[in-house]
Every structure is written in structure tokens, then in C-alpha cells.
Amino acid sequence: MRPAIPLHQKQAGLAASKLGVGTSKKHRAFVASDEQWYNKIFDPSSDFILTWNRIFLFSCFVALFIDPLYFYVPKISYGSPKFCVGTDTRFAVGVTFFRSIADLLYVLHIIIKFRTAYINPSSTLRVFGRGDLVTNPMEIACKYIRSDLAVDVAAALPLPQIIVWFVIPAIKYSSAEHNNNILVLIVLAQYLPRLYLIFPLTYEIVKATGVVAKTAWEGAAYNMVLYLIASHVLGALWYLLSVDRQTFCWKTSCLSETDCHIKYLDCDTTLNATWAKTTAVFSKCNASDDTISFDFGMFGPALSNQAPAQSFAMKYFYSLWWGLQNLSCYGQTLSVSTYLGETLYCIFLAVLGLVLFAHLIGNVQTYLQSITVRVEEWRLKQRDTEEWMRHRQLPCELRERVRRFIQYKWLATRGVNEESILQALPADLRRDIKRHLCLGLVRRVPFFSQMDDQLLDAICERLVSSLCTKGTYIVREGDPVTEMLFIIRGKLESSTTNGGRTGFFNSITLKPGDFCGEELLGWALVPRPTTNLPSSTQTVKALIEVEAFALQAEDLKFVASQFRRLHSKKLQHTFRYYSHHWRTWASCFIQAAWRRYKRRKMAKDLSMRESFNSIRLDEVDNEDDDSPPKNSLALKFIARTRKVPQNMKELPKLTKPDEPDFSAEPED
């Protein structure tokens, strides 16, 4: 009988399946389900949601930039053909188009949030330290309606379009001043929820990735954009209030005249030619005239330069400059009138400038300083090194070598400790990185190229970075070899005198991909190696700056201990072929064998000649015993040749080198 499964285990299994445990759900957009794609529920930890949050954050900044552009819709005409206040219809159409696209993105964001699962923080069930993932569409909708729906809807409503194209034209006998007040009220009222949405979006991105900006420059640009948007809003609002101030002056002067009507100030109405010739309304409100009694206050520069009558580019950048200038200096350069609205606006500008400068510009400074922090650390280390060398009274040559090494190390690493970064990573990821960096170099060693991937990974994992400057001796002939060096870039000179042999010198150049210190291989592959390191047969010197990977003797010994479990004849033959000791023994062995062969062949030839000559001599003796020998010269030659094999010098015997036993285990 199958045992009953507890309820909490069923819930845990269900939650794990929803989270995609064991199936790498991090990169899937949907929670596992058999429904159609349009009924799918988005995983809040998926890459799709993270990408959408970044896109929507960017669109929020664009929307914050578009909304204040409605403040540039009102315009003023100065005498061509008449003085009046009107609307820039073409510009309003363009702003409405881009604003509508931004509104559609807000609506799409609402739809996505209705289909995004959430983690229930009050759940007692825990899966990997997180709450239960709620995927029920009704529960998701209820939670969203209770929390963020009101703010999202308020941000997505097309209120400025409705005001500009429907409300204001429908209001009869409304003044331009009244229309501007409605526009300012609606745009600023909707600007607050749109600005608020940036903060939860930023929080979600930080929770998923740790940071909003991946680099210091992106972080500085992010904060600078916020500062520029604030300047953009203040400049646009200043422009609209300037138009409002000009309209208020004209309206006040018009009321003092009996034959003046407010509708004459509207560009959509027909101007009374008789009134236009006799009125003093426009001369009393000329901002460039210092003799008038009306005080335009901080709006004087815009009106005296007739900024509301200029093209959009000119009035926009002029207003942006005004906002950026006064936001940076907290409005200290403003000349304010006693008008209450103007005074309150200046107070708000000063407080906002102080807060933004302290927060945003402070963040920009922090990001920029983080770029140069490594440089400052290097300068401090360089200064400490100079003081230490001066205190120890090092000679100029050594000082220059130390300075050159510190400079090269900075250029190669930029002050980053590579080993500390790798040690902080998981073992599997660290192994993959080491394999990517070092495997190609290790495979260039013929002996290593015959090994399997597991042993190569073990070798790559123990390689460490090594830097050498020009003129540095890596190892000298006769010194103990402490490491194998795999060259990444640079050149090394490897020379030998064959143990100090007089008149003998041989030199080669090691380039990227080559290695030195192969003497450690024979030492490490001995079943029970001695504690004494092998002596170097080469003198290795850096010709230029060299960057390499080093494999220490103890690390090589540890890795080599794994080789004895391999029953591979191919490894033995490879080791014999590339071992200097084995090559020397093999060459001497072949030379000795060849000499033995030549000696035996010569002895055989001489023996055959001696036998032939003996027969000839016997025949001669039988024919004439009393006659003197006629072949005395030949006999002398034969006697000399008999002594040659006996006098040939034997080659000194060269001991066969010890061969590492690849199959034997070391005895304890």
C-alpha cells in the first residue's frame, strides 16, 4: 500500500513546479502550464519581466520629458500681423502623437501586471527561502487592484489630450490665462503619479539585478537625466507662466480702456483696426521698456527677448537653460516681483534645487569617483613605494626596475586582483573561466595534450597569473625550478651553456603559446619524488614585458599524482620523446649501438681477409720452403689490422634515466 503524502509536501511540490525548480525557469517568461499563450502567467523572476521593466523605465523617462512640452503650446504674436495670444496647433499635434504612444505603453504595463504572478509574503510555505508563488489570475487581479492599479490608471489616462483638444475649445468666452491655468493643473497633477512609478520600477530592477546602472558612467548618466528633466520641467513651466504674465498685463490694461474687449487679445478673433491704432495696451506692457510701471519680475527676460514668439527650438533651449541655471544656483540670480504666485514658484525652485543638487549631483560625483578610485589607490601605492625605496637607499637601477614593474602591473590589471575575484565565484564557474583562459596554452605542452579533460581542468584550475618586466630573470641555469610558465604575451630568451661547458652556448626565443620549466615534469612524475627541486638546465630572461600563467611545483606535483592511475602507453612514449634527459640518453645509446655495429662489421671483414691470406701463405710455403717470403708487406698489413679492433675505444656508458611509473601507486 502506497503511503499517503502529507498535504504540505504536495503544496511544496506544486510550488516547486510553478517556480520551475530543476528546469532553469530563470530564463523562461511563463510559469509552467498547458494553457494558451495569451492565458499564460508571467514569472516575476524571468528575464522577460526584467527586460520589460527596463524598457518601461526608459519609456517613463520619455513620458516625463513629453508631458511638459504641452506648456509650449501657447504662443504670443508681437505685431505680425497683430499682438495676440494663440495656440501652436502643429506643435500640439506632434506632442499629442508622442504622448499617445507613451500612454499605450502605460496601458500595456497594466495588462502585463494583471498577468504577472506574485510571491505571497504571508505564506507559511517556503521554497528556497521565498514565499509561495501565486499564479491564480483572480488572486493576482485582486492584489493588483488593491495595491497599484489606481496609480497606474492615473498615470495612463490621456488627460492633457482631452484638455487641449476637447475641454478648452468647448469653453466659450474663456481667456488664455484661464486656459493656461487648467493646462498647468492637469499636467502637473498627472505628472506626480508618473514620477512616482519610477521608484517601484527602480526597486524591482535593483531587487532582480542588484543595481540599476551596470557601469559607473551609466549611473552618472541616470542621475544627470533626472536633474535635466527637473530643469526641463521648471523651464517649461517658466515659459508658460511668462505667457500668462504677458496676458495678465494686457488684460489689466485692456480693462482700463472703455472700447477694449478681452476677445481682441485672442489670435482667433478679428482685430478691430480702429481700436488697434488708438489703444495703449501694448505699449504699457512692453517688457523691453524700462519706463513702464508693470513689474514682470522673473519673467522679464523671456518677454523682453520675445521668446514666446520664437520657433520651438529657440524657446525650448532658452527655457531649458533658464531652468538649469536657476536650479543649479537655487534661484539666487532671480529678480522677483511681489506677485504671490511668482514668489511661491521661486521658493519652490530654491528648495527643489537644493534637494536635487545634494542628492542627484552627489550621486553623480560618487559614480565618477568610483571610476578613479583604482587610480588613486595606485598613486598611493606608488608614493609609498617611492618612500620605502628612498628610506632603504636603493640604487637608481633597482628603483627604475621597481617603477617599471609597478607601471606594467597597473597597465595589465588596472588594479584588479584577479585571484580574489575568481575565489569568490562558485567552483564550477571558476573552472569554466580557467578552462577558457588557460586550456589552449596547456594543450600546447605535448605531454599535457595527451591527457583527458578532467586532468586538464585540474591543471588549469591551479594556474595563477604572472607578470615580468623587461630584463627580469625568470630562472638561472643551475637554480631550482619552482614553476612552469605558460606565456600569454611577450617574449622570453632561453639559453644554456650545458652546465658551464667552455665554448658552448645555445639560445632560443620563447613566444606566446610556448612554455618553460619543463624540468618539473620529470620530477613530479616520479612515484615518490624527493623534496629537492630539479635544477634548471636553461637561463630564462624576459626580452620585453611578459604576461603568463604559472603552475607552481607543489600544484604540478598534486596534479601529477593523478597520472599514475592512467594505464596509457601513449603517455609514456610522449614523455620519453619530449624529455631532455631521455633524448640525451637515446642519442648516446643510438651512437654507441652504431659504433658497436661498425666494430663488429670491421672485425668480420678483417677475419675473412686473414683467413684468405693464411690460405695463400700456406700454398706459397708448400711450393718453395727455402725461398724468402714475397708477400712480407701484406703480412705486415694484416698484422696491423688485427690490432685495430682490439684498440678501438669504448664509449662511456650513460645510465638509463628513471622512467616514471604511470600505473603504480605511491607507497604510504
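Reader: Which residues line the largest cavity?

Author: This is a predicted model, where local features need pLDDT of at least 70, side-chain atom pairs count only at pLDDT 80 or more, and totals for chains, interfaces and linings use all residues. Residues are numbered from 1 along each chain as its sequence is written, and side-chain values use heavy atoms, with hydrogens and water left out. On a 1 Å grid over the protein atoms alone, a cavity is a set of points where a 1.4 Å probe fits but cannot get out, a pocket is an open set with protein on both sides within 12 Å along at least five of seven lines, and lining residues have an atom within 4 Å of a point. For the largest cavity, those residues are Q382, T385, E386, M389, R403 and I406.

Reader: Which element gives the most to that lining of the largest cavity?

Author: Helices here are DSSP runs (H or I, at least four residues), as are strands (E, at least two), numbered from the N terminus. Two elements give two or more residues to this lining: α13 (340-392) and α14 (396-413). The one that gives the most, with four residues, is α13.

Reader: What is the volume of the second largest pocket?

Author: A volume is the space filled by probe spheres set on the grid points, which are joined across faces, edges and corners. The second largest pocket is lined by 32 residues, with P44, T116, A117, E204 and K207 nearest its centre. Its largest lining share, eight residues, comes from α7. The volume is about 920 Å³.

Reader: Are α2 and α3 roughly parallel or roughly antiparallel?

Author: Axes are lines fitted to C-alpha atoms, for helices over the stretch in contact, and angles run from 0 to 180 degrees between N-to-C directions. The axes of α2 (residues 47-66) and α3 (residues 89-114) come within 10 Å and cross at roughly 150°. Under 35 degrees counts as roughly parallel, over 145 as roughly antiparallel, 65 to 115 as roughly perpendicular and the rest as oblique. So α2 is, relative to α3, roughly antiparallel.

Reader: How many residues of the contact of α2 with α3 are nonpolar?

Author: Contact means heavy atoms within 4.5 Å, and among the residues that meet are W52 and F56 in α2 and F98 and L105 in α3. Ala, Val, Leu, Ile, Met, Phe, Trp, Tyr, Cys and Pro count as nonpolar, Asp, Glu, Lys and Arg as charged, and the others, Gly among them, as polar. Two contact residues are polar and one is charged, while the nonpolar ones number 13.
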